[in-house]
Structure formats: structure tokens, C-alpha cells
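Let's take a friendly tour of one protein model. Have the sequence and the 3D view ready as you read.

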Amino acid sequence: MRADVEAAKADIEQSIELLRRRLDWEPALRKLHELNARVEDPTLWDNAEAAQAITRERAKLAASVEAVQSIERDLVDAVGYAEMADEEGDEASLDEARAQLKGLKERAGRAELEALLSGEADGNDAFMEINSGAGGTESNDWAGMLLRMYTRWATAHGMTVDFLEETSGEQAGIKSVTLQVKGHNAYGWLKTEAGVHRLVRISPFDSAAKRHTSFASVWVYPVVDDTIVIDINPSDVRTDTYRASGSGGQHINKTDSAVRLTHIPTGVAVACQAGRSQHQNREEAWKLLRARLYEIELQKREAEAQAMQDQKTDIGWGHQIRSYVLQPYQMVKDLRTEVETSDTQGVLDGDLDGFMGASLAQRVGVTREG
């Protein structure tokens, strides 16, 4: 077998072994067998809440096991195809086998990272807030670029994006936006993007063509489902209503349908204006408020180095997690992991998996050999 095919096979086998270790393979298979039996029990749904918890646990474990097994099956097929092509001297088929192995290696690498998403809320949908920093039009435009970047990333991964609130910039971009990203492990991936993002470029709004530095912040919270209870005293929450605004055009309700909730003990404020009625916006705002307070509790449990509210007061120097330099050279660099790339356009078009994967691995303290 050709040396490059052998090397690719060895890399994928190493990934499979790591996945098996992280899943605790034999106990995981026994657990899945037990869960399958419980799901087939007709009395399971006598307790709907317990049944939902069991079916969710089974679905998550089954997906993890199937991911490993499908990689194993496809590896056997690809290697067998490569061996046959090599024996027959069929270079075209051998190139096809190499392409299959390359794709399989990428799948295995992503599966390794997916296996790290074991946090309490990693599998949940996510709320994302993007806010422009000081700098007016420049920062508003940068926040709009980040919105496009994350929307493209989500779409490329089969996720959907719902707009909950948006405040447009006066000349370009946005001052702020709140999104709900729905999809498998949306929060687990997007939580690595929380922080301040810095852009350096020749401003398209500066007639003197000078270089400008802009900042925008990204904050991410898990959507809290019915299995997680967050108790909020209604008397601790102030409700304000106002007229919806933004890019909704004729679909924006002209009455005071937008809702802002402020949790007085923590100062956390959320807003929603996407619904067609005040009732819809109030319901979504409460979901967002529960998510925000739950994220704060998660941060306390994980003993993170800095408090979110302290970070959010300064969208600028000293707090950035990533720099995007478009002039005088092309470079995107993550300041936490040192991962960098000169493919700035690819990143701004949503190619973020390399940055997310490195940050996730660093966050949980795992190396490929670990």
C-alpha cells in the first residue's frame, strides 16, 4: 500500500481510538443497549418528563456511537479501494481513494472535537448577541460583518438563525443584534466565540483612505430547555415596552410591541422585537433572560477567570480574543490559542471551525494525544 495511504489510515485509526477512549467505549455500548430497551418499554411514557430525558440521552449517545462506527466502516471501504487500485496500477482510482481518505480524516477530526462537547448545555441551541464598540459607523459596519460571518457559519452547518432584536447603524451595519441559533451543539461550538473581536483595515468610509481599528463584542448563552429549571422572582424583573424598529420594513409592528426585561438584582437586560405581538415578544424575552442568568450560573460553576459583566463594559483594547487584519497584510489570529490564517476572506465568509476547534480543545484542556 502506498505510503501516503498508509499514513492517512494510521491518522484515522488514531482518531477512532481517541473517540473510543473519550466515549468509554464498552460501557457506552452497554448503556446504549439499556437505553434502547427502555425506549421500547410501552410503560415509559407513563412519566412524560422522564421519558423525554431518556430519549434525549439515548439520541445523544446513539449519535456518538454511530459516528465512530460509520468512520470505521468507511475506513475499511476506502483502504480496500486504495489497495485494489494500487494492485491494478489504476492511478485515477487511487486518487479517488485518497480523496475519500482525506474527507474521512476531516470527519474524524470533527468527531474528536464533538466528543469534547460534554458540558451541561453544549447540545442546546444558542442565543448570540453582537454589539458594536465605540467608533460609530466603523464599528457598526464591523458588527454587521460579524453578523454575516456567523450567519454563514451556522447555515454551512445546517443550523437556522432567527433574529430576535436588531438596532441598525445610522449609516451602515448594526449597533446591536440578538440571534437565536438552532442546531446540534450550537451552544457548544459558539460559546468559544464569546469576547471582543478587533478589525484593522483601510476604512471604506474614510476619504483619506487611512487605516482604522474597530471593535465589536460577541456574547453567547445557551437556550434553556425544560429540563433546566431557572427560578426568577417576577418582582425582580422590570418590564418595559417600546416601538419595534430595525430592518423589518412593513412587517414591523408600529405599536409598542417590543419588550425589554431587566433583572434588577444582576442588572441583566434583554429585549425582543421580532414577534408580531407584545405577547410573543414577552415570551421570547423571558426565554432569553433565563438563558442569560443560566449562563452566569455556568460561569460561576466553571470558575472562569473574569466576570462577564465586567468584560462587557469595555469593548476595546485588553479584552479582545481575535484580531482580523485586512491591511497592511492579511491575517486573522486568535489571541488565546495562537491559531492564525491568511485566508481572511474565508474566515469572514464563515470558515471558523479551525478557530472554534482549537479554542474548545484548549478550554477543556485536551490535546490530540490526551
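This is a predicted model: local features need pLDDT of at least 70, side-chain atom pairs count only at pLDDT 80 or more; totals for chains, interfaces and linings use all residues.

Residues are numbered from 1 along each chain as its sequence is written, and side-chain values use heavy atoms, leaving out hydrogens and water.

**The eight-strand sheet**
- An open sheet of 8 strands runs in the order β2-β3-β1-β5-β4-β9-β10-β11, with mixed pairing (strands are DSSP runs of E, at least two residues, numbered from the N terminus; two strands pair if DSSP finds at least two bridges between them).
- At its edges stand β2 (160-168) and β11 (340-341); each has a single partner strand, so one side of each lacks a neighbour in the sheet.
- Strands β4 (residues 195-202) and β5 (residues 211-222) pair in the antiparallel sense over 8 bridges.
- Within this pair, His-197 stands opposite Ala-216 in β5.

**The three-strand sheet**
- Another open sheet has 3 strands in the order β6-β7-β8, with antiparallel pairing.
- Its edge strands, β6 (237-242) and β8 (268-272), each pair on one side only.
- Strand β7 (residues 258-263) pairs with β8 over 5 bridges, and Arg-260 stands opposite Ala-271 in β8.

**A helix residue**
- Asp-141 lies in helix α5 (residues 137-156); helices are DSSP runs of H or I, at least four residues.
- Asp-141 counts as buried because its relative accessibility is 17%, and buried means under 20% relative accessible area with a 1.4 Å probe, protein chains only.
- Beyond its neighbours within four places in sequence, Asp-141 is in contact with Ala-172, Gly-173, Arg-201 and Phe-205 (contact means heavy atoms within 4.5 Å).

Terms used
Buried means under 20% relative accessible area, exposed over 50%, partly exposed in between (1.4 Å probe, protein chains only).
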